[in-house]
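Please find below a colleague's note on the structure.

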Amino acid sequence: MHWRNSKFQVVAFLGGACHTPDEAYRKLKELREERHVAIESAKANMLRTEAKLLVAVKNRYSLDPVESLNAQADIAEHEAMKDQSKACFDEAVRERDFIDDLIKRVEPLRKYKDLPDHEAHQMAQ
């Protein structure tokens, strides 16, 4: 439920709807790149969230009521989102791994597999 595309969608609609293995490979590589960027961006966001949480824990008992309330809100927000954020991240990694497996399966079937990807993608058109 936390995926961008289910396995069925990837196989049937994205890769399976292509007329050639080269086009399926291109689409899968594009999807894999998007998932990779999402995973790496999520890692950066986790670091920002951790830093924000450290500041919030430090400031939750501040004598300044605004600073204290903001810190408590940041902590509560972190607690509310942590399970969903982890589930989304874990599923993105599983989705990327599934795409990698499909790429390996399609690779031997490609006509232009001996060319660099940027050239092979053009030839497949």
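1. Glu 79 has a relative accessible area of 43% and is partly exposed (buried means under 20%, exposed over 50%, partly exposed in between; 1.4 Å probe, protein chains only). Glu 79 forms a salt bridge with Lys 82, the closest N and O atoms being 3.1 Å apart (a side-chain nitrogen of Lys or Arg within 4 Å of a carboxyl oxygen of Asp or Glu). Both residues lie in helix H3, 3 residues apart, about one turn of the helix.

2. This is a predicted model, in which local features need pLDDT of at least 70 and side-chain atom pairs count only at pLDDT 80 or more, while totals for chains, interfaces and linings use all residues. Residues are numbered from 1 along each chain as its sequence is written, and side-chain values use heavy atoms, with hydrogens and water left out.

3. Helix H3 comprises residues 65-106 (helices are DSSP runs of H or I, at least four residues, numbered from the N terminus). A bend of about 45° occurs in H3 at Met 81 (the angle between axes fitted to the seven residues ending there and the seven starting there).

4. Arg 32 and Asp 100 are joined by a salt bridge at 2.5 Å, N to O. Arg 32 belongs to helix H2 (residues 21-59) and Asp 100 to helix H3, so the pair ties together parts 68 residues apart in sequence.

5. Glu 95, in helix H3, is buried at 5% relative accessibility. A network of salt bridges links Glu 95 with Arg 4, Glu 34 and Arg 35.

Note on methods. Helices (H or I, at least four residues) and strands (E, at least two) are DSSP runs, numbered from the N terminus. The expected span of a helix is 1.5 Å times one less than its number of residues.
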